[in-house]
Amino acid sequence: MFRRPAIVLLLAIFSTAVNDVASPRVEPPIPLKNEFVPFGMCMGGMKPSEQIAYCRKIGYSGLGLQVMDRQTLGEFAMQPEVVSGEFKIHSTLWWTNVTESVIDTAWLDGVLDEARKMELAIWMVLDGPDKSEESRSRAVSMIAKAALRCRAKGVRLVLYPHGGCVVSSAEEGLAILDSLDRLGIPDVGLSIHLCHELKAGNRDRLPEVVRKVAHRLVLVSVSGADSDTYGNDDDNWASAIKPLDQGTFDSRIFLRALSDVGYKGPILLHTYNLKTPGLPGYDRHLERSWGWWQRVVGSN
């Protein structure tokens with residue numbers, strides 16, 4: 001028969017084990033102080049004033065735009081919250097194709113005039129027919145021309161690596177920037193996107209990739225995602241772009257890597273193919289991702 005002290009000890013051990021199962025260890029907040037804003041690809045059809053109002057209602061203090069035209073940028077530039085600095089427009093997406101060898105500089109200069117008012121970055125995707133040396137050479141030439149116009153107008157140009165395009169990962173983007181450096185154009189920035197790195201097969205290399213490109217990073221996007229999205233190329237990004245509270249991949253791995261290298265720029269919430277606020281079926285994904293961010297990162 002056990003003595004009483006032994007019984008007490010066994011009960012204490014059992015109680016501790018039960019409590020460990022019932023109360024999983026809480027991860028400490030990730031020490032990021034970056035501005036966290038939506039990449040407004042889910043806001044098509046909403047007026048600039050509506051986009052800003054909806055973001056501010058949740059708690060976001062900025063936005064990345066999904067379109068690049070002078071009228072749209074001009075409308076955002078005149079919004080009172082943008083003029084006052086209460087709400088920041090960080091970027092606008094410019095989708096280009098390397099088969100278009102000529103850039104309409106008159107159109108681009110007009111867009112850049114509006115971009116300069118808001119001090120936003122031009123986020124340039126380089127699409128094309130393949131990843132051949134010819135396509136890569138065209139990409140270098142095209143971004144060089146754009147960079148010179150941006151430099152003349154005092155606007156930051158940032159390369160956007162995008163899955164399925166000529167430049168599809170951050171490491172490929174860094175190689176393009178190295179080529180631009182040799183041409184005397186060192187002022188182009190780089191972005192990295194969790195969804196595109198996962199699609200590029202870099203899931204298990206994320207900290208390594210982030211460290212490699214950290215010195216050129218200007219913009220970043222994050223999303224919820226599944227761990228097995230690599231090779232799943234026919235799902236229209238559904239497995240790689242989810243609200244932050246969904247998906248089997250731990251997005252904190254990516255955020256910790258950014259924290260470790262001291263990244264200070266904005267982090268944009270990717271929302272491609274997610275529901276538009278106010279439309280039927282909207283699942284409050286912007287609110288849910290904001291809540292996830294507050295729990296995981298918080299105000300620090």
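Predicted model: local features only at pLDDT ≥ 70, side-chain atom pairs only at ≥ 80, totals over all residues.
Residues are numbered from 1 along each chain as its sequence is written, and side-chain values use heavy atoms, with hydrogens and water left out.

So, back to our pair. His193 belongs to strand S6, residues 189-193, and S7 covers residues 217-222. When I say strand or helix, I mean a DSSP run, numbered from the N terminus: helices are H or I with at least four residues, strands are E with at least two. S6 and S7 pair in the parallel sense over four bridges. Two strands count as paired if DSSP finds at least two bridges between them.

S6 has another partner, too. Strand S5, residues 156-159, pairs with S6 over two bridges, again in the parallel sense. There, Val158 stands opposite Gly189.

Now, is S6 enclosed or open to the outside? Five of its five residues are buried, so S6 is largely enclosed by the rest of the structure. Buried means under 20% relative accessible area, exposed means over 50%, and partly exposed is in between, with a 1.4 Å probe and protein chains only. In a regular strand the side chains alternate between the two faces of the sheet. For S6, that gives Gly189, Ser191 and His193 on one side and Leu190 and Ile192 on the other, and both faces are covered.

S2 runs parallel to S3, joined by four bridges, and Gly64 has Ser91 as its bridge partner in S3.

Let's move on to helices. In helix H9, residues 206-213, the buried residues are Leu206, Val209, Val210 and Val213. Why do they sit on the same side of H9? They cover an arc of only 100° around the axis, and that puts them on the same side; the arc is that of the directions from the helix axis to the C-beta atoms. An α-helix has 3.6 residues a turn, so residues three or four places apart point the same way. The buried residues of H9 pack against H7, S6, helix H8 (194-199), S7 and helix H10 (252-260). Contact here means heavy atoms within 4.5 Å.

What about the nonpolar cores? A nonpolar core is a set of buried Ala, Val, Leu, Ile, Met, Phe, Trp, Tyr and Cys residues joined through side-chain atoms within 4.5 Å. The largest one has 80 residues, and Ile122, Leu255 and Ile267 touch the most other members. Helix H6, residues 133-153, gives this core its largest share, eight residues. Apart from it lies another core, of twelve residues, among them Val37, Cys165, Leu219 and Leu268. In soluble globular proteins, nonpolar side chains tend to be buried together.

While we're at H6, find Ile143 in that helix. Ile143 is buried, with a relative accessible area of 0%. Leaving out residues up to four places away in sequence, Ile143 touches Met124, Leu126, Leu157, Leu159, Ile176, Leu180 and Val188.

Two loop residues are worth a look as well. Ser169 lies in the loop between S5 and H7, and at 6% relative accessibility it counts as buried. Asp104, in the loop between strand S3 (88-97) and helix H5 (105-118), is partly exposed, with a relative accessible area of 47%. The side chain of Asp104 reaches the backbone nitrogen of Ala106 at 3.3 Å. That is a polar contact: a pair of N or O atoms within 3.5 Å, where, within protein, one must be able to donate a hydrogen and the other to accept it, and residues adjacent in sequence count only if both atoms are side-chain atoms.

Finally, let's zoom out. The chain has eleven helices and eight strands. Of its 300 residues, 52% count as buried.
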